[in-house]
Amino acid sequence: MSDDRVLLVTGGSRGIGAAVCLGAAGAGWRVAVNYATNAQAAEDVVRRISASGGCAIAVQGDVGTEDGVQAIFAAVDAAFGSLDGLVNNAGIVGPPQRIVEISPERLERMFRVNVTGALRCSAEAVLRMSTRRGGRGGSIVNLSSVAAVLGAPEQYVDYAASKGAIDSLTVGLAREVAGEGIRVNAVRPGIIDTEIHASGGLPDRARDLSPSIPMQRPGTPGEVADAILYLLSDKATYVTGAILNVSGGR
Ligand code: NAP
């Protein structure tokens, strides 16, 4: 069981991340709910966990900056003193643009948050989890996307490329730390009904794309969270380097 184990979920305040936090707390994990700007949303998740007898803290920090990453891990260290699980969930999209319209500034931010953030958080987690460094092992789950495979032409090839990097990170890091008690896996969500689509200027994207999804509907944050919770759990002790599509067949 996961009792008393500590889990950090980047971007845990809304959408898929919030569903992971709530599900993990229900499974006995103590949870650090990271957010970047919306403290209210993070506090709401913490309140819901506390109300059902779980243990959680809200942790501010932008994973797209080194200061943010350091602040997040310092807060986790101070509150819990150990770390057993990391979900690299924080991620951003941009409005639909062809590559010639994508600004260098957008590109730089996209890769800093989606790629560098996941790499830096993984490194800080390995420092704390590695059995070679006195840790007790652990599990990392990365949020990729089916966009990594489909490429998101005419929408956001920059985002798709950032998720392709997450796939490479997952495979490489899994092999690098397999002998240190750490498993590394990823999920590739398809179209999931969250606010990320509105943040990219397409609030109806999940509904509009439903006919193109083999299962004819978007997924829910809870359906993605269930796959992540499995990969984090002791049900998956021989699973590492895996990338699981959670996409309704998309
Ligand atoms: P969402 O609803 O937009 O929520 C994003 C979460 O990430 C929020 O908690 C947000 O916190 C946080 N966040 C954003 N930028 C951050 C930063 N720089 N540092 C720390 N936290 C940050 O997103 P979602 O749809 O749940 O997506 C979660 C992950 O799944 C992302 O990696 C996304 O790429 C991936 N994914 C989603 C879909 C989909 O259809 N929804 C499909 C494939 C993959 P604040 O509110 O404080 O900014």
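I'll start with valine 46, which sits in helix α2, residues 39–51. Bear in mind that this is a predicted model. Valine 46 has a relative accessible area of 11%. The cut-off for buried is under 20%, so valine 46 counts as buried. Outside the four places in sequence on either side, the contacts of valine 46 are Val33, Ala56, Ile57 and Ala58. Leucine 127 is 81 residues away from valine 46 along the chain, and the two C-alpha atoms are separated by 26 Å.

Next, helix α6. The helix has 21 residues, 157–177. At 1.5 Å a residue, α6 should span 30 Å, and its end C-alpha atoms are 30 Å apart, so the two values agree. Among the buried residues of α6 are Tyr159, Ile166, Leu169, Leu173 and Val177. The list also includes Asp158, Lys163 and Asp167. What covers these buried residues? The cover includes helices α4 (104–129) and α5 (147–150), along with strands β5 (138–143), β6 (182–189) and β7 (243–246).

Tyr159 brings us to the ligand. There are 32 residues around the ligand, and those that come nearest are Ser13, Thr37, Asp62, Tyr159 and Thr194. For threonine 194, a polar side-chain atom lies 2.4 Å from an oxygen atom of the ligand. Backbone atoms take part as well. Isoleucine 16 has a backbone N or O atom 2.8 Å from a ligand oxygen, and asparagine 89 also has a backbone N or O atom 2.8 Å from an oxygen atom of the ligand. On its own, the ligand has 900 Å² of accessible area, and the protein covers 95% of that.

Terms used. Residues are numbered from 1 along each chain as its sequence is written. This is a predicted model: local features need pLDDT of at least 70, side-chain atom pairs count only at pLDDT 80 or more; totals for chains, interfaces and linings use all residues. Side-chain values use heavy atoms; hydrogens and water are left out. Helices (H or I, at least four residues) and strands (E, at least two) are DSSP runs, numbered from the N terminus. The expected span of a helix is 1.5 Å times one less than its number of residues. Buried means under 20% relative accessible area, exposed over 50%, partly exposed in between (1.4 Å probe, protein chains only). Contact means heavy atoms within 4.5 Å. A residue is near a molecule or strand if one of its heavy atoms lies within 4 Å of it. A polar contact is a pair of N or O atoms within 3.5 Å; within protein, one must be able to donate a hydrogen and the other to accept it, and residues adjacent in sequence count only if both atoms are side-chain atoms. Accessible areas come from the Shrake-Rupley method with a 1.4 Å probe; for residues, only the protein chains shown count as cover.
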